[in-house]
Amino acid sequence: MLSYLANPLRFMRFSRLAVPISFGLGAVLIGWSLYNGLLVVPPDERQGGDLMRAMFTHVPSAWLCMGLYAALAGASFVWYIWRHELADVAARAIAPIGAGYTALCFITGSIWGQKGWGAGWHNLILGDSRLMSVLVLFFLFLGYIALRAALETRQKAARAAAILAMVGIVNVPIIKVSVDMWQTTTIHQPSSVLSIGAPEPRADDEGMNPIYLQQLLWGFAGHSLFAAAMILMLMRSEVYTQQADRHLALKLEGS
Amino acid sequence: MSPSPLLSAFRSSLSEAWASGAGVLLPLGFFAGTAALVPFTLGSEAELLSRVGPGILWLALALSSMVTLERVFQADLQDGALDLWLQDAGSISLIAAIKTLTHWLVSGFPLVLLTPLIGFMLGVPPEKMVPAMLGYAMGGLVFFLWGGVAAALSASVARAGLLIALIALPLYVPALIFGVQMVDAGMASPSFLFLCACTLFALGVAPAAMGAALRLAAE
Amino acid sequence: MSDPVLLTGHGLGAVRGERILFRDVSIDAAPGELILLRGVNGSGKTTLLRQLAGLSEPQAGEVERAGLHHWIGHTNGLKAHETPRSHLKHWAQIWGSDADLPAILSDMGMTRPADVPCRMLSAGQKRRTALSRLKVQDRKLWLLDEPFNALDTDGQAHLAEMIETHRAAGGAVIAALHGTAPVSATQEVVL
């Protein structure tokens, strides 16, 4: 399917339909998970009372921002090896969305952390290893965007940014490990959705309430669709900009 | 590639680093000056100083790598030396690695030499001195390698200092964390092994990335 | 083959931003040839020359070179702290050449300023230093970007002579030029 869409014309035709559909569907799913999360499900006193409702944005965006950086690196790799223009357009569009989701994840995480996960925790935001990983990821996105903006031609910007994204993705696991080693104290519970490789569950941990999990999954699906719609929209605008530039160039030659 | 081109690349970038930065005195002064500022900013309580002093020197090391690397590749691009390096294909990654290593030697390594003196000043316990020196040496190497990648990527950008910092800082995180931990935990700790791994990884990956970035910068 | 081609460029093209600089340019350089790249400012002479030298990746087409080449760009490749002598010595070492550097310097009229740091030299003297590299190692193909720039009449005549000698010895020269020059081309490529 990807190679089918690699043709810009087919891409434009596909995305014209895909953008409104995934926008709508994403908004509905996000709305549903937020409605349930904010108003319907009971608050969990163990996890900060009503503040834990930030989870329904925090967790999906945490899953998503990692995935978006991987997608950025993937698109960069495809562009670097096969020089597929659309891959670069995609990488360019993913970056600001990814930065937005890392910011969202960080902010909701800080709100949730205000009171959550037990008493007496002061140095919440800067003391938590997972939130710090997200912050570093945010700076990786930011560096990528800044580098693209600083280079003068599109071809140069694309190549430099692709190199940076690939250097970034090979460093992400190392950053993750190092930040985990830096603060073994995390306000997060051991991963409770996928407990592969997680440390032994705490005595008071009864696993995640299925009501929560359901909303998280709805939210994740919704945010994924929503992010995809925004990325496709940015890609479309980039394709149009390039066409406009080409027209301008032709005019210059004609004069 | 025979060793003689690498040797003359080393010699020329050494004299370049020397000529552009008042030799080894400048970085020595930089590190000593930073250390001297610490008591002013944090007060002179001996216990506090010995606890935060090494950490502040890590920051100084990171800063010195970014400040000095800004011109390394930019100068080569502007005066055309980069074109000359590139015309004999295949060696640019090695040359870039040599250039960054030279800059580490001139601007980062002095901190290792100064560690006993500064450590004494800040009241760092003597048994931590050797791990600290080793940590600064290896951590500095990692900083200069990733900083070199950032510098190569932004070689054609006019005022690249802040851009280099933004690109390189996230990549500094692992070496920073492992380095700081190792100073505390000593050389038998896993942090030391992790720092070694970081150094080897940077040595393996960064030169290739610098080479690709420099090829691009020359276009 | 009695007449090996030193460089072939086939179907070359370049785009800057979204603008097409040139397309479908083909060049063959046989021994003894002097090919001049002509064109107005911004027509892509330097870009084409850099593609031929392998410094830029062609956006279309391909380039093949038979061996090593000398590159003289519009920047000279000199460091401010280098002297002409140390510059030549440096590259002679890298290329593994044991050329007689004092002889080259005197031949280029650079004996007197040979030990003066480049930041104190004039533009013409720096150009002469860069051109001296052509003699440090014998390479069949020379790629020169505006080689006559900054040279005085004397220097221009000397460079023209160098080019003639090089061609007579079976070398080829490709040069980007915008003005007149005291050389006659075997081939002109107009962009």
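In which crossing, left-handed or right-handed, does α7(B) pass α8(B)? The legends below describe close-up views of a predicted model, and the first of them takes up this question.

**Figure 1. Packing of helices α7 and α8 of chain B.** In this predicted model, α7(B) passes α8(B) in a left-handed crossing. Helix α7 of chain B covers residues 161–185 and helix α8 of chain B covers residues 190–218, and the two pack at an angle of about 145° with their axes 8 Å apart. On the side of α7(B), the contact is made by B:P174, B:A175, B:F178, B:G179, B:Q181, B:M182 and B:A185, while α8(B) contributes B:S191, B:F192, B:F194, B:L195 and B:C198. By class, the residues of this contact divide into 9 nonpolar and 3 polar, with no charged residue.

**Figure 2. The side of chain B that touches chain A.** Here 24 residues of chain B are in contact with 23 residues of chain A. The elements of chain B that give two or more residues to this side are α6 (129–153), α7 and α8, and the largest share, 11 residues, comes from α7(B). The residues of chain B on this side divide into 20 nonpolar, 3 polar and 1 charged.

Figure 3. With 14 C-beta neighbours inside 10 Å, B:L63 counts as partly exposed. The C-alpha atom of B:L63 is separated by 24 Å from that of B:S93, and these two residues are 30 residues apart along the chain.

**Figure 4. The open parallel sheet of chain C.** Five strands of chain C form an open sheet in the order β5-β6-β7-β3-β8, and the pairing is parallel. The strands β5 (69–72) and β8 (187–190) of chain C stand at the edges, and each has a single partner strand, so one side of each is left without a neighbour in the sheet. Neighbouring strands of the sheet are turned by 15° against each other on average, when direction is ignored. Within the sheet, strand β3 (residues 34–38) and strand β7 (residues 172–176) of chain C run parallel and are joined by 4 bridges, and C:L34 has C:V173 in β7(C) as its bridge partner.

**Figure 5. Helix α4 of chain C and the elements around it.** Helix α4 of chain C, residues 123–136, has 14 residues and reaches 21 Å from its first C-alpha to its last, which is close to the 20 Å expected at 1.5 Å a residue. Because 12 of its 14 residues are buried, α4(C) is largely enclosed by the rest of the structure. Among the buried residues of α4(C) are C:R127, C:R128, C:A130, C:L131, C:L134 and C:V136. The buried residues of α4(C) pack against β5, α2 (84–95), α3 (101–107), β6 (141–145) and α5 (153–168) of chain C.

**Figure 6. Antiparallel pairing of strand β1 of chain C with β2 and β4.** Strand β1 (residues 7–16) and strand β2 (residues 19–29) of chain C run antiparallel and are joined by 7 bridges, with C:A14 standing opposite C:F22 in β2(C). The hairpin of β1(C) and β2(C) has 2 residues between the strands, and in this hairpin C:G17 takes a positive phi near 65°. Strand β4 (residues 60–65) of chain C also runs antiparallel to β1(C), to which 5 bridges join it, and the bridge partner of C:T8 in β4(C) is C:E64.

Definitions and conventions:
Residues are numbered from 1 along each chain as its sequence is written. Chains are lettered from A and ligands numbered from 1 in the order in which they are written. This is a predicted model: local features need pLDDT of at least 70, side-chain atom pairs count only at pLDDT 80 or more; totals for chains, interfaces and linings use all residues. Axes are lines fitted to C-alpha atoms, for helices over the stretch in contact, and angles run from 0 to 180 degrees between N-to-C directions. A crossing is left-handed if the near helix is turned anticlockwise from the far one by less than a right angle, and right-handed if clockwise. Two residues are in contact if their C-beta atoms, placed from the backbone, lie within 7 Å. Ala, Val, Leu, Ile, Met, Phe, Trp, Tyr, Cys and Pro count as nonpolar, Asp, Glu, Lys and Arg as charged, and the others, Gly among them, as polar. Two strands pair if DSSP finds at least two bridges between them. The expected span of a helix is 1.5 Å times one less than its number of residues. A residue is buried if 20 or more other C-beta atoms lie within 10 Å of its own, exposed if 12 or fewer, and partly exposed in between; C-beta atoms are placed from the backbone.
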